Amino acid sequence: MERFVYADNAATTPVAEKVANEMMPFLTKYYGNASSLYSIGRDSRKAIMESREKVASLIKAQPAEIIFTGSGTEADNMALKGIMHSKRAKGKHLITSSIEHHAILHTAKTLEKEGFEVTYLPVDKDGLILIDELKAAIRPDTALVSIMMANNEIGTIEPIAEIGAICRDAGVLFHTDAVQAAGHISIDVNEMKIDLLSLSGHKMNAPKGIGALYIRKGVMINPIIDGGGQERNLRSGTENTAGIVALGVAAAEAESHMQENITRLTAMRDRLIEGVLKIPYCHLTGHPKKRLPGTASFVIEAIEGESLVLLLDLNGICGSTGSACSTGSLDPSHVLTGIGLSHDIAHGSLRLTLGVQNNEEDVDYILEKLPQVVERLRSMSPVWDAQKNCPSGLKV
Ligand code: PLP
C-alpha cells in the first residue's frame, strides 16, 4: 500500500491529539463522580460546566440549554420522544423528511406505533426539502418539525433558517439533527430559530459515545432516561466526564478554526469532485453548492458500490457506499432513492468525506487510484459493455 487515506469522516473522525491529551486526566486523575463533594468530584463538575460553555458557544446557545447525551442517536431520540410525549395532549403530529438518518426515522416509526402520526416530507433531486410541502403539511395538531441540518450521505445543507422561521410563525417547535453539521459549518440557534438541536462528538474529532442536545430555554420536554437526576433531571446517568471534556475541547477547536477549515476543505472537496467527475458516466449526488465542506458523493454507473469500497481499501483508501447489503438488504439507501435515483444507479454510490487531518496529497492519491479501480471493476463487469454503448443519460 503506497499511502493510507482516511476519507470517511462522515462515518467518524479520528480523535484530535489536543482532545485526547485534555480528556486523559479525567480518566486517570480527576476520576471523581461529578456528584461527589470532595475535590476530585468537584474538579469533574467544574470541567463539565466549562465544557457546557464551549459546546453552547459553538452554536450560540446558553450553557444551561445544553444537555449531554451518550450519542447523537440518543439526542435525536430524546428530542423526538421527549417532545412528542410532553405535548401528547395537544398534538399528535410530527413532521420530518424522508432522507433523515435512521436515528430519526426509526424513532419516528416507534412513535407511530405508540399512536402518533408522522408526515415524511419528500425532497428534490439535490436533497433539498420542498418548502411548500412543509408549509402544507403543518396542521393545528403538529407538535414538532424535525429536519436535518446536513445530510450524512450526500452532504446537502437544508435551508434551516427558512424552516425555523416557518415553524416559529406557525407556533410549532423545530428540531434539527445537526450531527453532520455541528463543528463544520457555522450555526446560530437564535438566528436560525431552532428550538432543539442534536450533535455528536465523534463527527468533530472527539471520541465516540458523547453527544449533546440543545433545548431552548422554556421548551418543555420529558426525559427518556430516568434515574439519579443528572443533567437537570433530563438525562440521568453518571456523567461521562472525560467524554464531555473531549466534546468541549473539540467544540472550542472547531469554533476557533471554523472559517479556515471551511475554506481549506471546500477547496479540496471541489478539486476532488472535479477530478472524480472526469471518470466516464460518473455523477455528483447532493446539491452542487449547498453542501458540507468535506463531503464529495457520487454515483458511478455500471459499478457496484461495495466492490468499489473494498478495492479502494486494498489501495489504502477508506470511503463508503450507501449502495446495498450493509444492513443485509439488497435495497440501496433511502437517501439515494429519496433523491429519485433508480436502484440500478444507486448501487454505484460512493461517498468520500474529507476531514481536518486530510491534505492535498490525499486528494491527489484518491484521484490517481479511483479511476484505475473503477476501470478494473468495469473491465470485469458483464453489464459494462452494454452500458457504455447505452448510458443512462442520468442528470443528477
Ligand atoms: N444523525 C446523523 C445525520 C448522523 O450522520 C449520525 C451518525 O452517522 C447520527 C445521527 C447518529 O450519531 P451517533 O453516531 O453519535 O449516534
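These legends accompany close-up views of a predicted protein model.

**Figure 1. Overall fold of the predicted model.** The protein holds 14 helices and 12 strands. Its radius of gyration is 22 Å, close to the 21 Å that the globule rule gives for 396 residues, so the protein is as compact as a globular protein of that length. Along the principal axes, the C-alpha atoms fill a box of roughly 70 × 50 × 35 Å. Of the 396 residues, 55% count as buried. Take the contacts between residues at least 6 apart in sequence: 72% of them join residues at least 24 apart.

**Figure 2. Surface and charge.** The protein exposes about 16900 Å². Carbon and sulfur atoms supply 54% of that area. There are 40 positive and 48 negative side chains. The centres of these two sets lie 4 Å apart.

Figure 3. Domain 1 is assigned to 5-13 + 258-387. Domain 2 is assigned to 17-256. The C-alpha centres of domain 1 and domain 2 lie 28 Å apart. Across the boundary, 27 residues of domain 1 are in contact with 35 residues of domain 2.

**Figure 4. Lys193, a residue with positive phi.** Lys193 sits in the loop between strand E6 (173-177) and strand E7 (196-200). Its phi is near 55°, a positive value in a residue other than glycine. Most residues other than glycine have a negative phi. The relative accessible area of Lys193 is 32%, so Lys193 is partly exposed.

**Figure 5. Tyr281, another loop residue with positive phi.** Tyr281 lies in the loop between helix H9 (258-276) and strand E9 (282-284). Tyr281 is not a glycine, yet its phi is positive, at about 55°. With 27% relative accessibility, Tyr281 counts as partly exposed.

**Figure 6. Gly127 in its buried setting.** Gly127 belongs to the loop between strand E4 (117-121) and helix H6 (131-137). Its relative accessible area is 0%, so Gly127 is buried. Leaving aside residues up to four places away in sequence, Gly127 touches Ile99, Ile154, Thr156, Glu158 and Ile339. His287 is 160 residues away from Gly127 along the chain. Even so, the C-alpha atoms of Gly127 and His287 are separated by 6.8 Å.

**Figure 7. Thr156 and the residues around it.** Thr156 is found in the loop between strand E5 (142-146) and helix H7 (160-170). Thr156 is buried, and its relative accessible area is 0%. The contacts of Thr156, not counting residues up to four places away in sequence, include Asp126, Gly127 and Leu128. Met149, Ala150 and Asn151 are also among them.

**Figure 8. Ala346 in helix H12.** Ala346 is part of helix H12, which covers residues 343-346. The relative accessible area of Ala346 is 0%, so Ala346 is buried. Gly322 is 24 residues from Ala346 along the chain. The C-alpha atoms of Ala346 and Gly322 are separated by 7.8 Å.

Technical notes
Residues numbered from 1 in each chain as written. Predicted model: local features only at pLDDT ≥ 70, side-chain atom pairs only at ≥ 80, totals over all residues. Heavy atoms only, no water. Helix = DSSP H or I, 4+ residues; strand = E, 2+ residues; numbered from the N terminus. Rg over C-alpha atoms; globule rule 2.2 N^0.38 Å. Buried < 20%, exposed > 50% of the residue type's maximum accessible area, 1.4 Å probe, protein only. Contact = heavy atoms within 4.5 Å. Areas by Shrake-Rupley, 256 points an atom, 1.4 Å probe, with all protein chains shown as cover. Lys, Arg positive; Asp, Glu negative; His and termini not counted. Charge placed at Lys NZ, Arg CZ, Asp CG, Glu CD. Domains from an automatic or database assignment.
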